[in-house]
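Subject: Structure handover

Hi,

Here is the structure I promised to pass on to you. Please have a look at it first, and then read on for what turned up in it.

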Amino acid sequence: MSTTTPVQAATIVMEASNDPGWGMFVWLATTVGAEADELCALRWDDIDLDTGLLTLDQQRRVELDAHTITLLRAHLAHCAAQAAILGVERHPGAYVFSPWPDGGTPPDSGEVTERYARLCAGLGWILRLDQLPRYSAIELIAAGVDVRAFTWRLQRGLSRIQRRPRA
C-alpha cells in the first residue's frame, strides 16, 4: 500500500464528483483529513457555513477554506432539492452524507471505505481511505481539480433515485 499523491487525490476527487454526494464526501475526506466514521456521523448541525467551522466528534474543530464552504453550500442545496423533488421532508438533524433524501440515516462507514477502494482500483491504484493524507484545496486545485466543474455537478447533479431513463 502506498500513500496518495496530490495528483492521485485530484483524480480521485474529480472521478468521485460524477456522483454529487460521493464527490462531496471524498472532497471533505481529502481536505479535512477526517476518518470515514467521522464523516458518516457528520450532521449539518456540525457545520457552521457562516464561520467556516466544522466540528467532528463534538470535539475537534476544523476551519474550512472558501472552496470547501462553497461546495458544502452547493451540496446542502442539492440535498434540499432532492428532497423537494421527491416530496420528502428533511430530518431536523440530517446527516450530511445520508443515503436517504430525508437525511435521517447515516451512511455505513464500511460501505464508504469499500467504495473508495473500488474507485481507486478502477483508476489503477491500490489505495485506502484511511491512508488519505490531508490536502489543502489549493494543492488539489494545483493538481487538477476544477472546483467550478465540481460545484456545477453538485448544483445540477441528480442522485441515482432521481434519474429517469430517456424515452
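**Salt bridges**

By that rule, the count comes to 4 salt bridges. One of them is between Arg60 and Glu38, with the closest N and O atoms 2.9 Å apart. This pair links distant parts of the chain: Arg60 is in strand E3 (residues 60-63) and Glu38 in helix H3, 22 residues apart. The two partners differ in cover. Glu38 counts as buried because its relative accessibility is 12%, under the 20% cut-off. Arg60, at 35% relative accessibility, counts as partly exposed.

Helix H3 itself spans residues 36-40. The side chains of Glu38 and Arg60 are also joined by a polar contact of 2.9 Å. Leaving aside residues up to four places away in sequence, Glu38 touches Leu56, Asp57 and Arg60.

Another salt bridge is formed by Asp19 and Arg115, whose closest N and O atoms are 3.0 Å apart. Arg115 is partly exposed, with a relative accessible area of 28%.

Arg128 and Asp130 form a salt bridge too, the closest N and O atoms being 3.0 Å apart. Arg128 is partly exposed, at a relative accessible area of 37%.

**The chain as a whole**

How many helices and strands does the protein chain have? There are 7 helices and 3 strands. Starting at the N terminus, the elements run α-α-α-β-β-β-α-α-α-α.

Of the 167 residues in the protein chain, 44% are buried. Among contacts with a separation of 6 or more, 66% come from residues 24 or more positions apart. The chain exposes about 9000 Å², and carbon and sulfur atoms supply 52% of that area.

**A buried spot and its neighbours**

Thr4 sits in the segment before H1. With a relative accessible area of 3%, Thr4 is buried. Not counting residues up to four places away in sequence, Thr4 touches Ala9, Ile12, Tyr116, Leu127, Gln131, Leu132, Pro133 and Tyr135.

One of those neighbours, Leu127, lies in the loop between H5 and helix H6 (137-142). Leu127 likewise counts as buried, at 3% relative accessibility. From C-alpha to C-alpha, Leu127 and Ala117 are 6.1 Å apart in space, and they are 10 residues apart in sequence.

**Helix H4 and the surface**

Is Ala66 buried or exposed? Ala66 is exposed, because its relative accessible area is 58% and the cut-off is over 50%. Ala66 lies in helix H4, which covers residues 66-86. The C-alpha atoms of Ala66 and Ala137 are separated by 8.9 Å, although these residues are 71 residues apart along the chain.

Ile85 is also in helix H4. At 51% relative accessibility, Ile85 counts as exposed. Together, Ile85, Leu86 and Val88 make a nonpolar surface patch of about 220 Å².

**Confidence**

The protein chain averages a pLDDT of 85, and 88% of the residues score at least 70. Confidence is highest in strand E1 (residues 47-48), at a mean of 96, and lowest in helix H7 (residues 147-156), at a mean of 66.

Over residues 158-167, pLDDT stays under 50. The model has 16 contacts beyond four places in sequence for this stretch. Where pLDDT is low, the predicted coordinates should not be read in detail.

Best wishes

How values were computed. Residues numbered from 1 in each chain as written. Predicted model: local features only at pLDDT ≥ 70, side-chain atom pairs only at ≥ 80, totals over all residues. Heavy atoms only, no water. Patch = residues over 30% accessible without salt bridge, like charges linked within 9 Å, V, L, I, M, F, W, Y side chains within 5 Å. Areas by Shrake-Rupley, 256 points an atom, 1.4 Å probe, with all protein chains shown as cover. Salt bridge = Lys/Arg side-chain N within 4 Å of Asp/Glu carboxyl O. Helix = DSSP H or I, 4+ residues; strand = E, 2+ residues; numbered from the N terminus. Buried < 20%, exposed > 50% of the residue type's maximum accessible area, 1.4 Å probe, protein only. pLDDT = per-residue confidence, 0-100. Contact = heavy atoms within 4.5 Å. Polar contact = N/O pair within 3.5 Å; in protein donor to acceptor, adjacent residues only side chain to side chain.
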